[in-house]
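Colleague: I'm new to reading protein models. Could you walk me through this one?

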Amino acid sequence: MLNTPNSLRSAIEKAAHALGFVEIRVGKPVISDAAKKRLQEWLQQGMHGTMDYMPRHATLRQQPNELHPGTITVISVRLPYWPADAKDAEEQLANPEAAYVSRYALGRDYHKVIRSRLQKLADTITDQYGPFEYRAFTDSAPVMEVALADQAGLGWEGKHTLSLSRTGSWHFLGELFTNLPLPIDPPIESHCGDCQRCLDACPTQAITQPYQVDARRCISYLTIEHDGEIPLEFRKALGNRIYGCDDCQIVCPWNRFASPGDPVFAPRNDLDQAKLLTLFAWTEEEFLNRFEGSPIRRIGYERWQRNLSVALGNAPHHPEIISALTHKKAHASALVKTHIEWALAQQNAPV
Ligand code: B12
Ligand code: SF4
Ligand code: SF4
(Lines give C-alpha, C1' and ligand atoms only; values in the text may rest on other atoms or scores of the structure.)
(Ligands and ions follow the chains in the order given, each with its own letter.)
Protein backbone atom coordinates (compact mmCIF):
# COMPACT_ATOMS: atom_id res chain seq x y z
CA MET A 1 0.00 0.00 0.00
CA LEU A 2 1.30 3.45 -0.88
CA ASN A 3 -0.28 5.06 2.14
CA THR A 4 2.88 6.42 3.77
CA PRO A 5 5.43 8.88 2.35
CA ASN A 6 8.15 6.23 2.71
CA SER A 7 6.26 3.50 0.85
CA LEU A 8 5.42 5.98 -1.92
CA ARG A 9 9.05 6.98 -2.17
CA SER A 10 10.18 3.33 -2.41
CA ALA A 11 7.66 2.68 -5.17
CA ILE A 12 8.89 5.77 -7.10
CA GLU A 13 12.49 4.67 -6.69
CA LYS A 14 11.71 1.20 -7.99
CA ALA A 15 9.83 2.58 -11.00
CA ALA A 16 12.65 5.07 -11.72
CA HIS A 17 15.29 2.33 -11.65
CA ALA A 18 13.23 0.26 -14.08
CA LEU A 19 13.35 3.26 -16.45
CA GLY A 20 17.16 3.48 -16.27
CA PHE A 21 17.47 6.35 -13.78
CA VAL A 22 20.31 5.17 -11.58
CA GLU A 23 19.39 7.35 -8.63
CA ILE A 24 16.58 9.59 -7.43
CA ARG A 25 16.56 12.05 -4.55
CA VAL A 26 13.85 14.34 -3.24
CA GLY A 27 14.29 18.01 -2.36
CA LYS A 28 12.23 21.10 -1.64
CA PRO A 29 11.37 23.56 -4.44
CA VAL A 30 13.54 26.20 -2.87
CA ILE A 31 16.91 27.62 -3.95
CA SER A 32 19.29 28.66 -1.17
CA ASP A 33 20.15 32.35 -0.76
CA ALA A 34 23.82 31.53 -1.42
CA ALA A 35 23.01 29.88 -4.77
CA LYS A 36 20.72 32.78 -5.75
CA LYS A 37 23.48 35.27 -4.99
CA ARG A 38 26.02 33.32 -7.07
CA LEU A 39 23.67 33.13 -10.04
CA GLN A 40 23.07 36.89 -9.84
CA GLU A 41 26.81 37.60 -9.71
CA TRP A 42 27.43 35.30 -12.68
CA LEU A 43 24.77 37.11 -14.70
CA GLN A 44 25.97 40.58 -13.62
CA GLN A 45 29.45 39.74 -14.85
CA GLY A 46 27.97 38.78 -18.23
CA MET A 47 29.32 35.21 -17.98
CA HIS A 48 26.27 33.87 -19.81
CA GLY A 49 27.49 35.53 -23.04
CA THR A 50 24.70 35.50 -25.62
CA MET A 51 22.54 32.91 -23.81
CA ASP A 52 19.74 35.44 -23.35
CA TYR A 53 17.46 32.82 -21.82
CA MET A 54 19.61 32.86 -18.68
CA PRO A 55 18.89 36.46 -17.55
CA ARG A 56 15.41 36.48 -19.15
CA HIS A 57 13.96 34.03 -16.62
CA ALA A 58 16.38 34.70 -13.78
CA THR A 59 13.66 35.36 -11.19
CA LEU A 60 11.71 32.22 -12.02
CA ARG A 61 14.95 30.23 -12.03
CA GLN A 62 15.44 31.18 -8.39
CA GLN A 63 11.85 30.38 -7.39
CA PRO A 64 11.05 26.82 -8.48
CA ASN A 65 7.79 26.82 -6.50
CA GLU A 66 6.48 29.53 -8.83
CA LEU A 67 7.41 27.67 -11.99
CA HIS A 68 4.74 25.10 -11.25
CA PRO A 69 2.47 26.41 -8.48
CA GLY A 70 1.48 23.79 -5.91
CA THR A 71 4.88 22.06 -6.07
CA ILE A 72 6.00 20.85 -2.65
CA THR A 73 8.66 18.32 -3.68
CA VAL A 74 11.18 18.03 -6.50
CA ILE A 75 12.25 14.53 -7.54
CA SER A 76 15.72 14.88 -9.08
CA VAL A 77 16.94 11.99 -11.22
CA ARG A 78 20.11 11.15 -13.07
CA LEU A 79 20.56 9.14 -16.24
CA PRO A 80 24.13 8.07 -17.14
CA TYR A 81 25.44 8.56 -20.66
CA TRP A 82 29.08 7.39 -20.56
CA PRO A 83 29.41 5.31 -23.76
CA ALA A 84 31.58 2.50 -22.36
CA ASP A 85 32.03 0.77 -25.74
CA ALA A 86 32.93 3.92 -27.68
CA LYS A 87 36.41 4.59 -28.97
CA ASP A 88 38.63 5.92 -26.21
CA ALA A 89 37.96 9.63 -25.66
CA GLU A 90 41.56 10.60 -24.97
CA GLU A 91 42.81 8.74 -28.06
CA GLN A 92 40.31 10.56 -30.26
CA LEU A 93 41.24 13.89 -28.67
CA ALA A 94 44.93 13.27 -29.21
CA ASN A 95 44.55 12.63 -32.95
CA PRO A 96 44.42 16.05 -34.66
CA GLU A 97 42.90 14.61 -37.85
CA ALA A 98 40.06 13.04 -35.90
CA ALA A 99 36.91 14.87 -34.76
CA TYR A 100 36.10 14.99 -31.07
CA VAL A 101 32.40 15.09 -30.19
CA SER A 102 31.31 15.38 -26.56
CA ARG A 103 30.41 12.04 -25.06
CA TYR A 104 26.89 13.20 -24.26
CA ALA A 105 26.09 13.87 -27.92
CA LEU A 106 27.30 10.69 -29.64
CA GLY A 107 23.85 9.08 -29.57
CA ARG A 108 20.25 10.16 -29.13
CA ASP A 109 19.10 13.56 -27.91
CA TYR A 110 18.75 13.36 -24.12
CA HIS A 111 16.01 15.99 -23.97
CA LYS A 112 13.52 13.69 -25.65
CA VAL A 113 14.72 10.55 -23.89
CA ILE A 114 14.52 12.01 -20.38
CA ARG A 115 11.25 13.83 -20.88
CA SER A 116 9.57 10.70 -22.18
CA ARG A 117 10.93 8.58 -19.32
CA LEU A 118 9.87 11.17 -16.72
CA GLN A 119 6.39 11.03 -18.27
CA LYS A 120 6.43 7.23 -17.90
CA LEU A 121 7.52 7.63 -14.29
CA ALA A 122 4.59 10.00 -13.66
CA ASP A 123 2.19 7.54 -15.35
CA THR A 124 3.40 4.71 -13.12
CA ILE A 125 2.96 6.85 -10.01
CA THR A 126 -0.56 7.76 -11.17
CA ASP A 127 -1.41 4.07 -11.67
CA GLN A 128 -0.16 3.09 -8.25
CA TYR A 129 -1.01 6.16 -6.15
CA GLY A 130 -3.74 7.98 -8.02
CA PRO A 131 -3.77 11.32 -9.86
CA PHE A 132 -1.28 13.95 -8.71
CA GLU A 133 0.08 17.30 -9.94
CA TYR A 134 3.43 17.25 -11.71
CA ARG A 135 5.63 18.81 -14.38
CA ALA A 136 8.73 17.26 -15.93
CA PHE A 137 11.91 19.19 -16.75
CA THR A 138 15.31 18.57 -18.24
CA ASP A 139 17.50 21.41 -19.42
CA SER A 140 14.48 22.96 -21.11
CA ALA A 141 13.15 25.43 -18.58
CA PRO A 142 14.38 28.03 -16.08
CA VAL A 143 15.38 25.46 -13.47
CA MET A 144 18.65 25.44 -11.51
CA GLU A 145 19.11 21.74 -11.97
CA VAL A 146 22.57 21.39 -10.43
CA ALA A 147 21.57 23.41 -7.33
CA LEU A 148 18.42 21.28 -6.88
CA ALA A 149 20.39 18.05 -7.30
CA ASP A 150 22.99 19.39 -4.86
CA GLN A 151 20.57 20.20 -2.08
CA ALA A 152 18.69 16.88 -2.44
CA GLY A 153 22.00 14.98 -2.22
CA LEU A 154 21.85 13.51 -5.73
CA GLY A 155 25.46 14.65 -5.98
CA TRP A 156 27.66 17.49 -4.88
CA GLU A 157 28.59 20.41 -7.10
CA GLY A 158 32.12 19.83 -8.41
CA LYS A 159 34.60 22.66 -8.90
CA HIS A 160 33.79 22.42 -12.61
CA THR A 161 30.18 23.30 -11.57
CA LEU A 162 28.70 19.97 -12.71
CA SER A 163 26.81 17.62 -10.45
CA LEU A 164 29.13 14.88 -9.32
CA SER A 165 28.76 11.70 -7.27
CA ARG A 166 30.97 8.81 -6.27
CA THR A 167 30.12 7.37 -9.68
CA GLY A 168 31.28 10.49 -11.49
CA SER A 169 29.57 13.18 -13.53
CA TRP A 170 28.77 11.48 -16.85
CA HIS A 171 25.03 11.77 -16.32
CA PHE A 172 22.17 14.06 -17.27
CA LEU A 173 19.84 15.60 -14.73
CA GLY A 174 16.06 15.71 -14.87
CA GLU A 175 13.29 16.65 -12.43
CA LEU A 176 9.67 15.96 -11.64
CA PHE A 177 8.09 18.88 -9.77
CA THR A 178 5.22 17.35 -7.75
CA ASN A 179 2.62 17.94 -5.05
CA LEU A 180 3.47 14.55 -3.49
CA PRO A 181 4.18 14.54 0.27
CA LEU A 182 7.55 12.77 0.10
CA PRO A 183 10.33 12.67 2.71
CA ILE A 184 13.08 15.21 1.94
CA ASP A 185 16.63 13.88 1.42
CA PRO A 186 19.64 15.64 2.94
CA PRO A 187 22.57 16.99 0.87
CA ILE A 188 25.78 14.93 0.71
CA GLU A 189 29.28 16.05 1.52
CA SER A 190 31.55 17.31 -1.26
CA HIS A 191 34.46 15.02 -2.12
CA CYS A 192 36.48 17.44 -4.27
CA GLY A 193 38.87 18.09 -1.40
CA ASP A 194 42.15 19.70 -2.52
CA CYS A 195 41.81 18.41 -6.07
CA GLN A 196 41.68 20.99 -8.84
CA ARG A 197 42.40 18.88 -11.88
CA CYS A 198 39.40 20.22 -13.77
CA LEU A 199 40.65 23.80 -13.40
CA ASP A 200 44.13 22.86 -14.58
CA ALA A 201 42.88 20.79 -17.53
CA CYS A 202 40.51 23.34 -19.05
CA PRO A 203 42.01 24.29 -22.45
CA THR A 204 40.64 27.86 -22.33
CA GLN A 205 40.82 28.59 -18.58
CA ALA A 206 37.03 28.85 -18.55
CA ILE A 207 36.85 27.68 -14.93
CA THR A 208 37.96 31.07 -13.70
CA GLN A 209 37.85 29.97 -10.06
CA PRO A 210 36.47 26.88 -8.30
CA TYR A 211 32.69 26.63 -8.90
CA GLN A 212 32.66 29.29 -11.62
CA VAL A 213 32.57 28.74 -15.37
CA ASP A 214 32.75 31.79 -17.59
CA ALA A 215 30.62 30.46 -20.44
CA ARG A 216 32.16 32.95 -22.88
CA ARG A 217 35.46 31.06 -22.59
CA CYS A 218 33.98 27.55 -22.48
CA ILE A 219 34.40 25.40 -25.61
CA SER A 220 30.98 23.92 -25.02
CA TYR A 221 29.45 27.40 -25.31
CA LEU A 222 31.69 28.45 -28.21
CA THR A 223 30.90 25.37 -30.33
CA ILE A 224 27.22 24.85 -29.42
CA GLU A 225 25.49 27.93 -28.01
CA HIS A 226 27.39 30.75 -29.66
CA ASP A 227 26.13 31.57 -33.14
CA GLY A 228 28.71 34.13 -34.27
CA GLU A 229 32.39 34.07 -34.99
CA ILE A 230 34.56 32.04 -32.65
CA PRO A 231 36.92 34.62 -31.12
CA LEU A 232 40.45 34.32 -32.49
CA GLU A 233 41.95 33.91 -29.02
CA PHE A 234 40.17 30.56 -28.54
CA ARG A 235 40.50 28.96 -31.98
CA LYS A 236 43.76 27.12 -31.37
CA ALA A 237 42.62 25.92 -27.95
CA LEU A 238 39.57 24.32 -29.57
CA GLY A 239 41.91 21.73 -31.08
CA ASN A 240 39.75 19.05 -32.72
CA ARG A 241 36.71 19.60 -30.44
CA ILE A 242 33.89 20.17 -32.89
CA TYR A 243 30.90 19.84 -30.59
CA GLY A 244 31.14 20.53 -26.86
CA CYS A 245 34.02 19.66 -24.58
CA ASP A 246 34.66 17.03 -21.93
CA ASP A 247 38.15 17.84 -20.68
CA CYS A 248 37.09 18.91 -17.18
CA GLN A 249 35.26 15.61 -16.77
CA ILE A 250 37.85 13.36 -18.40
CA VAL A 251 40.43 14.32 -15.77
CA CYS A 252 38.10 14.05 -12.79
CA PRO A 253 39.20 11.14 -10.59
CA TRP A 254 35.60 10.23 -9.73
CA ASN A 255 34.89 9.42 -13.36
CA ARG A 256 37.10 6.35 -13.07
CA PHE A 257 34.09 4.85 -11.29
CA ALA A 258 31.52 5.98 -13.86
CA SER A 259 28.39 3.89 -14.33
CA PRO A 260 28.03 2.75 -17.96
CA GLY A 261 25.67 4.92 -19.97
CA ASP A 262 22.18 4.01 -21.04
CA PRO A 263 22.31 2.10 -24.38
CA VAL A 264 20.24 4.82 -26.03
CA PHE A 265 23.31 7.09 -25.86
CA ALA A 266 25.60 4.64 -27.71
CA PRO A 267 27.39 6.28 -30.68
CA ARG A 268 25.61 6.59 -34.00
CA ASN A 269 27.13 7.42 -37.39
CA ASP A 270 30.55 6.25 -36.01
CA LEU A 271 30.83 9.66 -34.38
CA ASP A 272 33.15 8.31 -31.71
CA GLN A 273 35.82 7.60 -34.35
CA ALA A 274 35.03 10.06 -37.14
CA LYS A 275 37.64 11.93 -39.18
CA LEU A 276 37.38 15.70 -39.63
CA LEU A 277 37.53 15.48 -43.42
CA THR A 278 34.74 12.89 -43.56
CA LEU A 279 32.38 15.08 -41.54
CA PHE A 280 33.39 18.23 -43.43
CA ALA A 281 32.41 16.55 -46.70
CA TRP A 282 28.77 16.08 -45.57
CA THR A 283 26.20 18.13 -47.43
CA GLU A 284 23.48 19.95 -45.49
CA GLU A 285 21.03 17.22 -46.45
CA GLU A 286 23.34 14.55 -45.07
CA PHE A 287 23.83 16.57 -41.88
CA LEU A 288 20.06 16.80 -41.37
CA ASN A 289 19.38 13.16 -42.19
CA ARG A 290 22.20 11.65 -40.19
CA PHE A 291 21.45 13.80 -37.14
CA GLU A 292 17.74 13.03 -37.00
CA GLY A 293 17.11 12.55 -33.23
CA SER A 294 20.59 13.79 -32.27
CA PRO A 295 21.24 16.93 -30.16
CA ILE A 296 23.79 18.04 -32.78
CA ARG A 297 21.01 18.84 -35.27
CA ARG A 298 20.08 21.84 -33.08
CA ILE A 299 23.23 23.80 -33.94
CA GLY A 300 22.48 23.70 -37.66
CA TYR A 301 24.75 23.11 -40.63
CA GLU A 302 26.38 26.54 -40.55
CA ARG A 303 27.80 26.21 -37.00
CA TRP A 304 28.74 22.60 -37.77
CA GLN A 305 30.87 23.74 -40.70
CA ARG A 306 32.27 26.67 -38.73
CA ASN A 307 33.46 24.33 -35.97
CA LEU A 308 34.92 21.83 -38.44
CA SER A 309 36.77 24.61 -40.26
CA VAL A 310 38.49 25.67 -37.05
CA ALA A 311 39.44 22.07 -36.24
CA LEU A 312 40.82 21.60 -39.78
CA GLY A 313 42.88 24.76 -39.31
CA ASN A 314 44.34 23.13 -36.21
CA ALA A 315 45.15 19.85 -38.00
CA PRO A 316 48.67 19.24 -39.38
CA HIS A 317 49.34 20.63 -42.86
CA HIS A 318 47.89 18.38 -45.55
CA PRO A 319 47.07 19.07 -49.25
CA GLU A 320 43.76 17.19 -48.89
CA ILE A 321 42.66 19.52 -46.10
CA ILE A 322 43.62 22.60 -48.13
CA SER A 323 41.70 21.27 -51.09
CA ALA A 324 38.56 20.48 -49.02
CA LEU A 325 38.63 23.94 -47.40
CA THR A 326 39.13 25.70 -50.72
CA HIS A 327 36.33 23.71 -52.33
CA LYS A 328 33.84 24.50 -49.51
CA LYS A 329 34.78 28.16 -49.42
CA ALA A 330 33.23 28.80 -52.82
CA HIS A 331 29.70 28.09 -51.53
CA ALA A 332 30.05 28.86 -47.83
CA SER A 333 28.11 31.51 -45.86
CA ALA A 334 29.98 34.65 -44.77
CA LEU A 335 30.42 33.21 -41.26
CA VAL A 336 31.86 29.90 -42.44
CA LYS A 337 34.00 31.65 -45.04
CA THR A 338 35.89 33.71 -42.45
CA HIS A 339 36.65 30.54 -40.48
CA ILE A 340 37.77 28.75 -43.64
CA GLU A 341 40.08 31.65 -44.44
CA TRP A 342 41.57 31.42 -40.95
CA ALA A 343 41.96 27.66 -41.36
CA LEU A 344 43.70 28.05 -44.73
CA ALA A 345 46.09 30.60 -43.23
CA GLN A 346 46.90 28.11 -40.44
CA GLN A 347 47.41 25.31 -42.94
CA ASN A 348 49.70 27.44 -45.09
CA ALA A 349 51.65 28.96 -42.20
CA PRO A 350 55.32 27.93 -42.09
CA VAL A 351 55.99 25.47 -39.28
C1 B12 B 1 23.81 27.31 -19.19
C2 B12 B 1 24.33 25.90 -19.17
C3 B12 B 1 25.60 25.67 -19.71
C4 B12 B 1 26.55 26.80 -20.09
C5 B12 B 1 27.14 27.42 -18.79
C6 B12 B 1 27.70 26.35 -17.83
C7 B12 B 1 27.73 26.76 -16.38
N8 B12 B 1 28.60 26.14 -15.64
O9 B12 B 1 26.95 27.60 -15.94
C10 B12 B 1 27.55 26.09 -21.01
C11 B12 B 1 27.10 26.22 -22.46
C12 B12 B 1 29.00 26.57 -20.92
C13 B12 B 1 27.36 24.64 -20.57
C14 B12 B 1 28.33 23.65 -20.77
C15 B12 B 1 28.17 22.34 -20.37
N16 B12 B 1 27.06 21.76 -19.91
CO17 B12 B 1 25.47 22.76 -19.41
N18 B12 B 1 23.94 23.59 -18.73
C19 B12 B 1 23.56 24.84 -18.64
C20 B12 B 1 22.20 24.95 -17.95
C21 B12 B 1 21.12 25.20 -19.01
C22 B12 B 1 22.13 26.04 -16.86
C23 B12 B 1 23.32 26.09 -15.90
C24 B12 B 1 23.28 27.29 -15.00
O25 B12 B 1 22.28 27.52 -14.33
N26 B12 B 1 24.33 28.11 -15.01
C27 B12 B 1 24.37 29.31 -14.22
C28 B12 B 1 25.56 29.23 -13.28
C29 B12 B 1 25.60 30.45 -12.37
O30 B12 B 1 25.29 28.05 -12.53
P31 B12 B 1 26.45 27.24 -11.81
O32 B12 B 1 27.72 27.39 -12.51
O33 B12 B 1 25.95 25.87 -11.49
O34 B12 B 1 26.47 28.15 -10.51
C35 B12 B 1 26.54 27.68 -9.26
C36 B12 B 1 27.96 27.61 -8.81
O37 B12 B 1 28.64 28.72 -9.31
C38 B12 B 1 27.76 27.64 -7.35
N39 B12 B 1 28.89 28.21 -6.63
C40 B12 B 1 29.52 29.36 -6.80
N41 B12 B 1 30.48 29.53 -5.89
C42 B12 B 1 30.45 28.45 -5.11
C43 B12 B 1 31.21 28.12 -4.03
C44 B12 B 1 30.96 26.91 -3.40
C45 B12 B 1 31.81 26.56 -2.24
C46 B12 B 1 29.95 26.02 -3.88
C47 B12 B 1 29.71 24.70 -3.24
C48 B12 B 1 29.16 26.39 -4.99
C49 B12 B 1 29.45 27.59 -5.58
O50 B12 B 1 26.61 28.46 -7.11
C51 B12 B 1 25.94 28.71 -8.32
C52 B12 B 1 24.45 28.60 -8.14
O53 B12 B 1 24.05 27.31 -7.71
C54 B12 B 1 22.07 23.52 -17.28
C55 B12 B 1 20.64 22.98 -17.21
C56 B12 B 1 19.83 23.68 -16.15
N57 B12 B 1 18.67 24.16 -16.49
O58 B12 B 1 20.30 23.77 -15.02
C59 B12 B 1 22.96 22.64 -18.18
C60 B12 B 1 23.79 21.53 -17.51
C61 B12 B 1 24.47 22.11 -16.29
N62 B12 B 1 24.82 21.24 -18.50
C63 B12 B 1 25.14 20.01 -18.60
C64 B12 B 1 26.22 19.51 -19.39
C65 B12 B 1 26.28 18.00 -19.61
C66 B12 B 1 27.18 20.39 -19.90
C67 B12 B 1 28.53 20.02 -20.55
C68 B12 B 1 29.26 18.87 -19.86
C69 B12 B 1 28.28 19.68 -22.06
C70 B12 B 1 29.52 19.37 -22.87
N71 B12 B 1 30.12 18.20 -22.74
O72 B12 B 1 29.96 20.18 -23.66
C73 B12 B 1 29.32 21.36 -20.45
C74 B12 B 1 30.15 21.44 -19.16
C75 B12 B 1 30.79 22.78 -18.92
C76 B12 B 1 30.93 23.09 -17.43
N77 B12 B 1 32.07 22.77 -16.81
O78 B12 B 1 29.99 23.62 -16.82
C79 B12 B 1 24.33 19.15 -17.64
C80 B12 B 1 25.20 18.75 -16.46
C81 B12 B 1 24.88 17.39 -15.85
C82 B12 B 1 25.66 17.22 -14.57
N83 B12 B 1 26.22 16.05 -14.33
O84 B12 B 1 25.75 18.13 -13.79
C85 B12 B 1 23.13 20.11 -17.26
C86 B12 B 1 22.62 19.99 -15.83
C87 B12 B 1 21.98 19.76 -18.25
C88 B12 B 1 21.25 18.48 -17.86
N89 B12 B 1 19.93 18.54 -17.66
O90 B12 B 1 21.80 17.42 -17.70
N91 B12 B 1 26.18 24.46 -19.94
S1 SF4 C 1 33.79 22.00 -20.91
FE2 SF4 C 1 35.93 22.28 -21.62
S3 SF4 C 1 36.16 24.49 -21.93
FE4 SF4 C 1 34.28 24.18 -20.71
S5 SF4 C 1 34.92 24.35 -18.58
FE6 SF4 C 1 35.08 22.17 -19.09
S7 SF4 C 1 37.18 21.90 -19.81
FE8 SF4 C 1 36.78 24.08 -19.84
S1 SF4 D 1 38.42 17.18 -11.05
FE2 SF4 D 1 38.72 17.30 -8.85
S3 SF4 D 1 38.03 19.38 -8.28
FE4 SF4 D 1 37.24 18.95 -10.33
S5 SF4 D 1 35.19 18.15 -9.95
FE6 SF4 D 1 36.57 16.36 -10.07
S7 SF4 D 1 37.15 15.98 -7.92
FE8 SF4 D 1 36.27 18.04 -7.99
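Colleague: How many residues does the largest nonpolar core have, and which of them have the most contacts inside it?

Modeller: In soluble globular proteins, nonpolar side chains tend to be buried together. Keep in mind that this model is predicted. Here the largest nonpolar core has 84 residues, and Leu276, Ala311 and Leu312 have the most contacts inside it. Helix H7 (residues 110–129) supplies the largest share of this core, seven residues. Both domain 1 (5–178) and domain 2 (197–251 + 266–348) contribute at least three residues each to the core.

Colleague: Which residues does Leu312 touch, not counting residues up to four places away in sequence?

Modeller: With those set aside, Leu312 touches Leu276, Phe280, Ile321, Leu325 and Ala343.

Colleague: How many residues of domain 1 and of domain 2 are in contact?

Modeller: On the domain 1 side there are 36 residues, in contact with 40 residues of domain 2. Helix H6 (89–94) and strand E3 (100–101) are the elements giving two or more residues to the domain 1 side, and H6 gives the most, with four residues. By class, that side of domain 1 has 17 nonpolar, ten polar and nine charged residues. The centres of the two domains, taken over C-alpha atoms, are separated by 26 Å.

Colleague: Where does ligand 3 lie, and why?

Modeller: Look at who gives residues to the shell around the ligand. Domain 1 and domain 2 both do, so ligand 3 lies between them. Of the 13 residues around ligand 3, Gly158, Cys192, Cys195, Cys198 and Cys252 come nearest. The shell divides into eight nonpolar, three polar and two charged residues.

Conventions: Residues are numbered from 1 along each chain as its sequence is written. Chains are lettered from A and ligands numbered from 1 in the order in which they are written. This is a predicted model: local features need pLDDT of at least 70, side-chain atom pairs count only at pLDDT 80 or more; totals for chains, interfaces and linings use all residues. A residue is near a molecule or strand if its C-beta atom, placed from the backbone, lies within 6 Å of it. Ala, Val, Leu, Ile, Met, Phe, Trp, Tyr, Cys and Pro count as nonpolar, Asp, Glu, Lys and Arg as charged, and the others, Gly among them, as polar. Domain bounds come from an automatic or database domain assignment. A nonpolar core is a set of buried Ala, Val, Leu, Ile, Met, Phe, Trp, Tyr and Cys residues joined through C-beta atoms within 7 Å. A residue is buried if 20 or more other C-beta atoms lie within 10 Å of its own, exposed if 12 or fewer, and partly exposed in between; C-beta atoms are placed from the backbone. Two residues are in contact if their C-beta atoms, placed from the backbone, lie within 7 Å.
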